[in-house]
Amino acid sequence: MSTVTINEVFKKFEAKDRENFKKHGYVVIRNFFEDSEIEALIKACDLKKNGDTLIIEEFKQISLSEKIIKALKTIIPNKIVYPCLSLNRSDDQPGIGGEKNERVFHVDSIPDDFNYNEDYKIYNTGIYLSDHKNYSGGLKIRPFSNKIKLVKSDTIKNRIFIFLKSILKLNISGIFQSLKFYKSINIDSKPGDFIIWDHRCHHSGHFRRLKFLRKLSLEPFLENWLPKFIFVPEPSSRRVVLTVYADANSKYLENYIREQIKKVRRKDYYLLNKNLEEHIQYYRSKNIEIRNDGYKYWSSTS
């Protein structure tokens, strides 16, 4: 497992970099936010309020601010769709196993037909507000993985099970995939950086950085298994704002929204988004479509 370095062309992100982004599957825009913005976002995260950040006063509508929209238009040439998935987190801890596990390579392209000739056109973004260059706890990504089907495993036991299952089914492709380890990178983000990544890009949260060989990125199932003392700890406070955006021309968008809004664990989150209705006309005039489907779905079923 050798190291991968961040493509530094992304220190300044412009339209000419669109194809480079599509190839790598992610972008890190350095020093995107000013100190005053970082301070305000940290304070807002520490309030631990539920609901979309667009309606939480302390976030000052950062998720649809002019600077973020300008960056997004570099990769979304058509109308931007805001599916009301802008969550803030403060000092959350990763679980191990099951849907709650964040320290595992996963994708958010659900549903997907795995037609890699067709771009997914739905994107994750992260405003990481802690130091993940010198500490653990940040985002791990496999560059170029937005064109590769994922084999998901969060434990060594699970990896062995997938391998044996593939042998029993004479699944040559499955055997190969279960044995192959793609290069990954622990993104050395610092407060003020803005990260965008394709929904198909393999990523993992809460990475663990080794005390020695700090540039080496391990598979998440090894990070879960190896003893804690060999890793650099997470920052004393870990804060992040995660927001989803989409291209209106994405063929996957309607099914994606339909799958997201039915997640019971997000019911309370969606029900708090009633006031998003007040923003729909304003942002429509800016060629941004707010899809408050989650609120409409849960308010009609409650």
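This is a predicted model: local features need pLDDT of at least 70, side-chain atom pairs count only at pLDDT 80 or more; totals for chains, interfaces and linings use all residues.
The side chain of R239 reaches the side chain of D46 in a polar contact of 2.6 Å.

**Around R239**

R239 sits in strand 11, which covers residues 239-247. Is R239 buried or exposed? With a relative accessible area of 14%, R239 counts as buried because the cut-off for that label is under 20%. Setting aside neighbours within four places in sequence, R239 touches I42, C45 and D46, then R89 and S90, and finally the run I127, Y128, L129 and S130. D46, the polar partner of R239, lies in helix 2, which runs over 35-46.

Strand 11 as a whole is mostly covered, with 9 of its 9 residues buried. R239, V241, T243, Y245 and D247 point one way from the strand, V240, L242, V244 and A246 point the other way, and all are buried. So if you're colouring by accessibility, both faces of strand 11 come out as buried.

| Partner of strand 11 | Bridges | Facing pair |
|---|---|---|
| Strand 2 (residues 80-82) | 2 bridges | V81 and A246 |

As a reminder, strands of a sheet pair through backbone hydrogen bonds, either parallel or antiparallel.

Elsewhere, 3 strands make an open antiparallel sheet in the order 6-5-8. Strand 6 (185-186) and strand 8 (203-204) are the edges, each with a single partner strand, so one side of each has no neighbour in the sheet. Strand 5 (residues 140-141) pairs with strand 8 in the antiparallel sense over 2 bridges, and one of the bridge pairs is I141 with H203.

Most residues other than glycine have a negative phi, and most peptide bonds are trans. The peptide bond from I110 to P111 is cis, with omega near 5 degrees, and P111 is in the loop between strand 3 and strand 4.

N31 isn't a glycine, yet its phi is positive at about 50 degrees. You'll find N31 in the loop between strand 1 (26-29) and helix 2 (35-46). N31 counts as exposed because its relative accessibility is 65%, and the label applies over 50%. Q61 also has a positive phi, near 55 degrees, and lies in the loop between helix 2 and helix 3 (66-72). At a relative accessible area of 30%, Q61 is partly exposed.

**The whole protein**

Zooming out, the protein has 10 helices and 12 strands. Of its 302 residues, 52% are buried. Among contacts with a separation of 6 or more, 80% come from residues 24 or more positions apart. The accessible surface comes to about 15,000 Å², and carbon and sulfur atoms account for 54% of that.

Definitions and conventions: Residues are numbered from 1 along each chain as its sequence is written. Side-chain values use heavy atoms; hydrogens and water are left out. Helices (H or I, at least four residues) and strands (E, at least two) are DSSP runs, numbered from the N terminus. Buried means under 20% relative accessible area, exposed over 50%, partly exposed in between (1.4 Å probe, protein chains only). A polar contact is a pair of N or O atoms within 3.5 Å; within protein, one must be able to donate a hydrogen and the other to accept it, and residues adjacent in sequence count only if both atoms are side-chain atoms. Contact means heavy atoms within 4.5 Å. Accessible areas come from the Shrake-Rupley method with a 1.4 Å probe; for residues, only the protein chains shown count as cover. Two strands pair if DSSP finds at least two bridges between them.
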